Amino acid sequence: MVPRTPAEPLLLRLKIEAAAPLSPGGGGGVAWGPYRPVFRRGGRPVLPGSSLKGRVRRAVEALARDFGIRACQPQASPTCGPDGCPVCRMFGSPRAPGGLRFWDTCLEEAGDRQAFEARSHVGLMRGTGSAYPRRLWLEERVGTPGCQYEARITGIVERFDLGLLLAALRQVEVIGGSGSRGTGWVTVRPAEVQWGGHTVDPSVLVKDFLAEVGRGAGGNDPPAQDQP
Ligand SMILES: [Zn+2]
């Protein structure tokens with residue numbers, strides 16, 4: 001068991017480097033209509049905090065599963081007790097809000113690399129490869145490879161959970177796009193981590209986290225048993 005530690009205030013600044021244009025708000029569903037603009041707030045292109053949160057949450061859930069850490073599945077009724085699992089503690093559950101807040105990321109960059117473009121896509125049927133009727137759409141994209149953006153996560157978090165979060169951020173490769181359509185490929189790395197009023201080294205937190213789980217710890221509970 002990993003002993004619970006007090007949750008401390010967090011300021012996490014992330015550097016997001018684009019390897020491809022981003023298309024937050026582009027989505028991939030049929031119901032989005034023929035033109036899918038980049039999400040904007042106040043006229044500026046933005047990666048919504050909710051979109052970043054969703055991607056990061058999936059990465060945390062996947063990594064928690066890899067290490068046998070108890071973590072609630074998305075959309076499922078949480079089975080957590082009052083203290084919650086790391087996922088519920090950080091991202092929230094129907095029972096309680098999460099400790100982390102994900103802020104909107106402005107997708108404007110100083111310099112001349114800022115660029116919008118529209119790319120047309122055709123929805124193809126599996127198997128036959130023929131086009132779906134009315135499934136031609138234009139997807140707006142922003143930025144070029146090499147563009148750098150700064151994202152921000154704040155809130156309160158325990159040390160173990162922060163180590164899990166930082167380790168999972170290394171696994172995030174697509175943000176604000178589909179990946180399969182060539183949008184949203186990124187590299188994410190922490191630019192600054194302030195936790196509990198101090199600047200901390202993210203690699204130390206990840207190392208400590210890996211040491212904890214390497215000892216067979218499962219967050220706060222032993223790993224689930226498949227067989228009775
Ligand atoms: Zn949970």
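Which glycine takes a positive phi just after α1? In this predicted model, the residue is glycine 68, with a phi of about 70°.

The secondary structure of the protein comprises four helices and 11 strands. Of the 228 residues in the protein, 39% are buried. Sequence separation also tells part of the story: among contacts between residues at least 6 apart in sequence, 73% join residues at least 24 apart.

Helix α1 covers residues 49–66. Its 18 residues should span 26 Å at 1.5 Å a residue, and this agrees with the end C-alpha atoms, which are 26 Å apart. The buried residues of α1 are Ser51, Leu52, Arg55, Val56, Arg57, Ala59, Val60, Glu61, Leu63 and Ala64. They pack against several elements, namely the strands β4 (44–47), β5 (100–102), β6 and β9 (148–157) and the helices α2 (86–91) and α3. Phenylalanine 67 lies in the loop between α1 and α2. This residue counts as partly exposed because it has 19 C-beta neighbours inside 10 Å, whereas 20 or more would be needed for a buried residue.

Two packed helices are described by the angle between their axes and the distance between the axes. For α1 and α3 (residues 159–169), the angle is about 105° and the axes are 9 Å apart. The angle therefore makes α1 roughly perpendicular to α3. On the α1 side, the contact is made by Val56, Ala59, Val60, Leu63 and Ala64, and on the α3 side by Leu164, Leu165, Ala167, Ala168 and Leu169. The residues of this contact comprise 10 nonpolar, no polar and no charged.

How many of the residues of α3 are buried? The helix is mostly covered, with 11 of its 11 residues buried. These are Arg159, Phe160, Asp161, Leu162, Gly163, Leu164, Leu165, Leu166, Ala167, Ala168 and Leu169. The elements that cover them include the strands β1 (8–18), β9 and β10 and the helices α1, α2 and α4.

Helix α3 also packs with α4, at an angle of about 105° and with the axes 8 Å apart. The two helices are therefore roughly perpendicular to each other. From α3, Phe160, Leu162, Gly163, Leu164, Leu166 and Ala167 make the contact, and from α4, Pro202, Leu205, Val206, Asp208, Phe209 and Glu212. By class, nine residues of the contact of α3 with α4 are nonpolar, one is polar and two are charged.

Helix α4 itself runs over residues 202–214. Its 13 residues reach 18 Å from the first C-alpha to the last, close to the 18 Å expected at 1.5 Å a residue. Pro202, Leu205, Val206, Phe209, Glu212 and Val213 are the buried residues of α4. Because they cover an arc of only 120° around the axis, they are on the same side of α4. An α-helix has 3.6 residues a turn, so residues three or four places apart point the same way. The buried residues of α4 pack against α3 and β10 (186–195). On the other side of α4, Ser203, Val204, Ala211 and Gly214 are exposed.

Two single residues complete the picture. Arginine 89 is part of helix α2. This arginine counts as buried because it has 24 C-beta neighbours inside 10 Å. Leaving aside residues up to four places away in sequence, arginine 89 touches Gly84, Gly98, Gly99 and Asp161. Its C-alpha atom is separated by 7.9 Å from that of valine 157, 68 residues apart along the chain.

Threonine 105 belongs to strand β6 (residues 105–106). With 22 other C-beta atoms within 10 Å, threonine 105 is buried. Residues up to four places away in sequence again being left out, it touches Ile16, Val46, Leu47, Leu52, Tyr149, Glu150 and Ala151. The C-alpha atoms of threonine 105 and proline 45 are 8.7 Å apart, with the two residues 60 apart along the chain.

Note on methods:
Residues are numbered from 1 along each chain as its sequence is written. This is a predicted model: local features need pLDDT of at least 70, side-chain atom pairs count only at pLDDT 80 or more; totals for chains, interfaces and linings use all residues. Axes are lines fitted to C-alpha atoms, for helices over the stretch in contact, and angles run from 0 to 180 degrees between N-to-C directions. Angles under 35 degrees count as roughly parallel, over 145 as roughly antiparallel, 65 to 115 as roughly perpendicular and the rest as oblique. Two residues are in contact if their C-beta atoms, placed from the backbone, lie within 7 Å. Ala, Val, Leu, Ile, Met, Phe, Trp, Tyr, Cys and Pro count as nonpolar, Asp, Glu, Lys and Arg as charged, and the others, Gly among them, as polar. A residue is buried if 20 or more other C-beta atoms lie within 10 Å of its own, exposed if 12 or fewer, and partly exposed in between; C-beta atoms are placed from the backbone. The expected span of a helix is 1.5 Å times one less than its number of residues. The arc is that of the directions from the helix axis to the C-beta atoms.
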